[in-house]
Amino acid sequence: MTSLPVLPPTQTAVPGDDADARPRKVHLLNVTDEGLKDWLAERGYPAFRGKQIRRWLFSGRADSFETMSDLPAKLRAELTESFDIFQASEAHVSTSRDGTEKILVRLADGGEVECVLLRDGDRRSICVSSQVGCAMGCVFCASGLDGVDRNLTRGEILEQMLRLQHRLPAEERLSHIVMMGMGEPLANLPGVLAALDVARNPEGLGISPRRITISTVGLPPAIDKLAASGVPYNLAVSLHAPNDELRSQLVPVNQKIGIEPVLAAADRYFASSGRRLTFEYVLLGGVNDSEACAHELTRVLRGRTVMMNVIPYNPVEGLPYRTPNKESISRFRQILEASGVNVMFRQRKGDEIDAACGQLRRNRGSIGEKSPAT
């Protein structure tokens, strides 16, 4: 009989409670198509049942096997006995006036991550986490305040996507995915690529790789591995500074890497994928928003086919950084545009519920309250 992976128990066992000693059900979103096909075959079911199940999960938005009405009752019962569709829970949901929704997802082992649904015209974009916390240490970002616990599994990443999809009306569908939530996606490349393989599959969420963006602080070996995957995802490199001295202050991991190797890896990705690169630059008042920084940045970007995505800082309670004033933002933009840099200034969405760039965090303390670390 095929052995499907059983993840650690959801809850701590209660002494004398034999039920809690039993292995937890398998997370169905962690099971490959082949694994599900084998499981079905062992029980005498044809392979097409697997496609039906997948269709219910990703198109039908099913959250239980009982709702999968075209499956035999016996199969539904066996699925219920063996698998969980969702293994996390929604610990808290916040909604802003602009329609942005943020879910605090409590994982089966008690860890917490946040993910976001953004509405902009006809676009329905989601921002998804890849790790519990973050080890990159960007000094202005809430996600790494407590470090990193672990990588998320394929199923835990997909579950975020499906939970956000379930918040849409039946006539709406997800249009874009951004791996820009908590964590460094390229530090969990196998899990991220496995989840995105399902997201881009026509029998999954059916989202084109051209509408999927992977964000990174810049890990050159992992960027090369991403290029080798052969799937032309959009790559967004978080630059945040035009030189190594300042970048190492803001992004400590840069001390071991350096801007030039990051830029070289990004250039290789562009050559391999043909996808225009995006560079992210969080604009911090009095830190990296000077005219000198803007001019130096134009020299760094000269000759590269890129979009410069400038993000005026979204404040994080407890951190000493501030949003630049309008004059600084305007001057910074003028310098970039005058030098021929394609630049876009990110519109704030969800900042009133701490769902904007850099505001997602791994610990919330009590439901609906911020932890003492904020």
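Helix α9 is followed by Gly303, whose phi is positive, near 85°. The model is predicted: local features require pLDDT of at least 70, side-chain atom pairs count only at pLDDT 80 or more, and totals for chains, interfaces and linings use all residues. Residues are numbered from 1 along each chain as its sequence is written, and side-chain values use heavy atoms, with hydrogens and water left out. Helices (H or I, at least four residues) and strands (E, at least two) are DSSP runs, numbered from the N terminus.

**Helix α9**

**Nonpolar core**
- A nonpolar core is a set of buried Ala, Val, Leu, Ile, Met, Phe, Trp, Tyr and Cys residues joined through side-chain atoms within 4.5 Å.
- The largest one has 106 residues, of which Met161, Leu196, Phe279 and Met308 touch the most other members.
- Helix α5 (residues 189-200) supplies the largest share of this core, seven residues.
- Not counting residues up to four places away in sequence, the residues that Phe279 touches include Leu301 and Met308.

**Helices α2 and α4**
- Arg54, Leu57 and Phe58 in α2 meet Arg154, Leu162 and Gln165 in α4.

How values were computed: Contact = heavy atoms within 4.5 Å. Buried < 20%, exposed > 50% of the residue type's maximum accessible area, 1.4 Å probe, protein only.
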